[in-house]
Every structure is written in C-alpha cells, then in structure tokens.
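Keep the viewer open as you read.

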Amino acid sequence: MGILNGMKVLDFTTLLPGPFATMMLADMGADVIKVESPHRGDMIKQLPPMEGGVSAVYAQLNRSKQSMTLDLKQPEATEIVKKLIDEYDIIIEQFRPGVMDRLGIGYETLKQANPSIIYCSITGYGQTGPLQAKAGHDINYLALSGAASYSARKNQAPVPAGFQAADIGGGSMPAVISILAAVYHRMNTGEGQYIDVSIMDNMYAFNALYGSGYLAGGTEPEPESLMLNGGSFYDFYETKDGRYFSVGSLEPKFQKELCNLLGDPQLLHLSGSIKEEEQNQFKEAMKSIFKGKTFDEWLAMLGDNFDGCVEPVLKFSETVDHPQIKAREMIVPVSKWEGGTQNQIAFPIKFSSQPASYRYAGVQTGTHTNQVLKNAGWNEEEIMELSQKGLFG
C-alpha cells in the first residue's frame, strides 16, 4: 500500500519538477490525480522514444497517477476542483505566480472551501522578487545561482549538465520535503499551509560549501581552483581509448590506495601536499599514467576489492548491468495500463516496511476523468453534460 497510503494529492504540474515530486509521493503510496489541460500540451509527452503511444519519460514521471483532463478556464472547472479538495486536500502546482488565482483556484480561494489544505507552488523564482513572473529553465537557475560560474574549466565555458540538477534538486526534492513537513504540522495542529518553492532559492542554497567562504571571508569560488571542482586531483582522467575514470581519493588512506594503484607509491608525498605546484605535478602524473592503459585494463586492475574512491564513468547502458544497480533493484518492471510491463528507474529510498509500490506506468491523458468524477459524486448524466460543454476537451 505504501508508507503514504491515505495521502491524496491533486497535481497541476507539467514538465519535470512537479511531476517528479508527485511521482515520488505516488511511489510511496499517495493517491495522485494529475489534472491536465485538454488544450495545453506538456512537452514531456513529445519526448521520444514512445511506447504504446506514450513517451517513455512521461510514462515514468506519471506512473501510478490517475489522469483527468479539465479546462481550468471554464467556470465549472472551479467547482470541480473545490469538490475534489474535500478529499484531495494536498495541491501542487507549477504555473507562474498569479495564474491559479486568475483561474479561481488559488490558495486563498480554496482555503475558504477547505481550511486545512496544503498548497505547494513550484516556480522558477518564487512568489516574490523582481524575477517572480519571469520564465526560466534548469540552465538559467544554475547560471543565476552562481553554481555554473565555478563549475567549469579555467578560461572555458560552463558545460550544460546532462541531467536537470536544478529542476529535481531545487524543485522536486524540496517540494516533497516541504509537503511532508506540512502534513506533519497539520497532523499536530489541524492547520493547512501554503508552500512557496523557488527553484532558484534552492539552487542558491546548493552553494553551501563555497558560497559560505565568500560570505564569511570574501573568497570568490573560481573555476578549477577548488578542491572539488578540478583545483585538486579530485577530477576525471582519460584512458588510452578515450574513456574516463573519476578519482575522489581525498583522504590520506585513499590517497595511499590510489598511489599503489597507479604503481608509484612515491607519488604519495605529492598527493597530500597543500602546495599548488606539487598538486599540479601529481595531477599531471596521473593524467599520464591513466592514458597508459585502456578502460578495460583499468577496470581489471580495480577489481572488486579496491577501496580508494576511483570509479569508471559509465554510459547509462552500462549502469543497467552494474552489480550495485541490480543489487539495489534500481530498475523495476512496471505494469502498463494496456498490458505488459515497462522497465523504469525505481524509487531510490528503501523503507524497512511499506516499500515503494508501482501501480502502473503513466497513462494516456484523461484516462481516468470519468472515474474520478464518479468517485467524487457526479453521475453519468452530469458528466455527459460537462463533457458537452468541452470541459474535458
């Protein structure tokens, strides 16, 4: 049933931050209704590859969720939402500030109908400030937060990340945490909550390690000058055949293991040096040594027992067969609505009881519209009347 069995969520989000957050809640057992516009498309639906007419990404992000279509611009939609929040009293939305208010389903309006609602808004820049109404994407939040400025090589442009650190780390995860905190607060007090999640704010908080140094002492974090951004030997190293290994052997015992792996224990006096010149000498030596062997040769040398924080940079296709991924059951078969299964990335947290559950992969938009309305008290005739008004597209 899941550890969040009994939690009921109305999801008005699209793209990645909100859907990832509600996917996590659904994985933990929450009952999520995804409310989608019949006219405004979600770009995620168009991302290939497709399976059974549904994008694989969409099928993952929206697994275990009921899907209903609703034209929020029609006045009857407001009444449907107000009826649904009698039971689905946690709302998560991802529109720009003010949009839900204009649609008649903002927090203050719905609070009148249900004072205990928990209402979470995920936006790029938050509900206040000069950028509140501005559009943004993951790369913009990384840029404005300062993180991209020192996540680069010296005298080179920052590199676009291959995954959405800001959307998930700055949007999805804080949304889940804050919703669960608000649920705990409501259990103790009966009081609902409005939650303002700014992706930009949360990415700014990701500067904790080096931003703190600037705020306390004026030390500007620069590219390839810090312990963890390439300013030390903590870095990636190319092999003879153009593959890469990550080296994170910062502690003395790991440095010793690393130098033994490299075949030159005498390098240990350089690896632990705080002098920039000697660190650079060690790094250049490592570059040369790593390029002397192929990726597979290094893998063979590492074996199963090396414990010095050196790991290969794997292609995603290689991660699927990695023993750790398999042991942790991080790929699971999820039932498809039309039959069969689809392999998906699993919920990443293990509970000692009430494990994650996967009811079905994300479905075609509007699959559950009639069922949701029937469960909320509308009869067939009333649903047909609303449908004829174009409320469901």
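Some ground rules before going on. This is a predicted model, so to speak of local features pLDDT has to be at least 70, side-chain atom pairs count only at pLDDT 80 or more, and totals for chains, interfaces and linings use all residues. Residues are numbered from 1 along each chain as its sequence is written, and side-chain values use heavy atoms, with hydrogens and water left out.

**The overall picture**

The protein chain has 17 helices and 13 strands. Both are DSSP runs numbered from the N terminus: helices are H or I with at least four residues, strands are E with at least two. Along the principal axes, the C-alpha atoms fill a box of roughly 80 × 50 × 40 Å. Of the 393 residues, 45% count as buried; buried means under 20% relative accessible area, exposed over 50%, and partly exposed in between, with a 1.4 Å probe and protein chains only. Take the contacts (heavy atoms within 4.5 Å) with a separation of 6 or more: residues 24 or more positions apart account for 69% of them.

**The two pockets**

Rolling a probe the size of a water molecule over the atoms shows where empty space is left. Here the search runs on a 1 Å grid over the protein atoms alone with a 1.4 Å probe, and a pocket is an open set of points with protein on both sides within 12 Å along at least five of seven lines; lining residues have an atom within 4 Å of a point. Grid points are joined across faces, edges and corners, and the volume is the space filled by probe spheres set on the points.

The largest pocket holds about 1400 Å³ of space. Its lining counts 34 residues, with S151, A152, L228, N229 and F236 nearest the centre. Two or more lining residues come from each of α6 (138-144), α9 (208-217), β9 (235-238) and β10 (244-247). By class, this lining has 23 nonpolar, eight polar and three charged residues.

Back to the second largest pocket, at about 920 Å³. Among its 29 lining residues, F20, Q60, F316, Q344 and I345 lie nearest the centre. The elements giving two or more residues to this lining are α1 (17-27), α2 (56-61), α14 (316-319) and β13 (341-345).

Q342 sits in strand β13. Is Q342 buried or exposed? Its relative accessibility is 7%, so Q342 counts as buried. The Q342 side chain makes a polar contact with the side chain of Q344 at 2.9 Å. (A polar contact is a pair of N or O atoms within 3.5 Å; within protein, one must be able to donate a hydrogen and the other to accept it, and residues adjacent in sequence count only if both atoms are side-chain atoms.) Leaving aside neighbours within four places in sequence, Q342 touches residues including E51, A56, A59 and A361.

Over in strand β8 (residues 193-198) you'll find Y194, partly exposed at 29% relative accessibility. Y194 and C120 are 74 residues apart in sequence, yet 6.0 Å apart in space, C-alpha to C-alpha. The side chain of Y194 also makes a polar contact with the side chain of S121, at 2.8 Å.

**Salt bridges**

A salt bridge here is a side-chain nitrogen of Lys or Arg within 4 Å of a carboxyl oxygen of Asp or Glu, and the count comes to 16. Three of them are worth a look:

| Pair | N to O distance |
|---|---|
| D89 and R186 | 3.3 Å |
| E224 and R153 | 3.2 Å |
| E318 and R243 | 2.7 Å |

E318 lies in helix α14 and R243 in the loop between β9 and β10, so this pair ties together parts 75 residues apart in sequence. E318 is partly exposed at 28%, whereas R243 is buried at 17%. Salt bridges that share partners also join R153, E224, D235 and K283 into one network.

Methods
Ala, Val, Leu, Ile, Met, Phe, Trp, Tyr, Cys and Pro count as nonpolar, Asp, Glu, Lys and Arg as charged, and the others, Gly among them, as polar.
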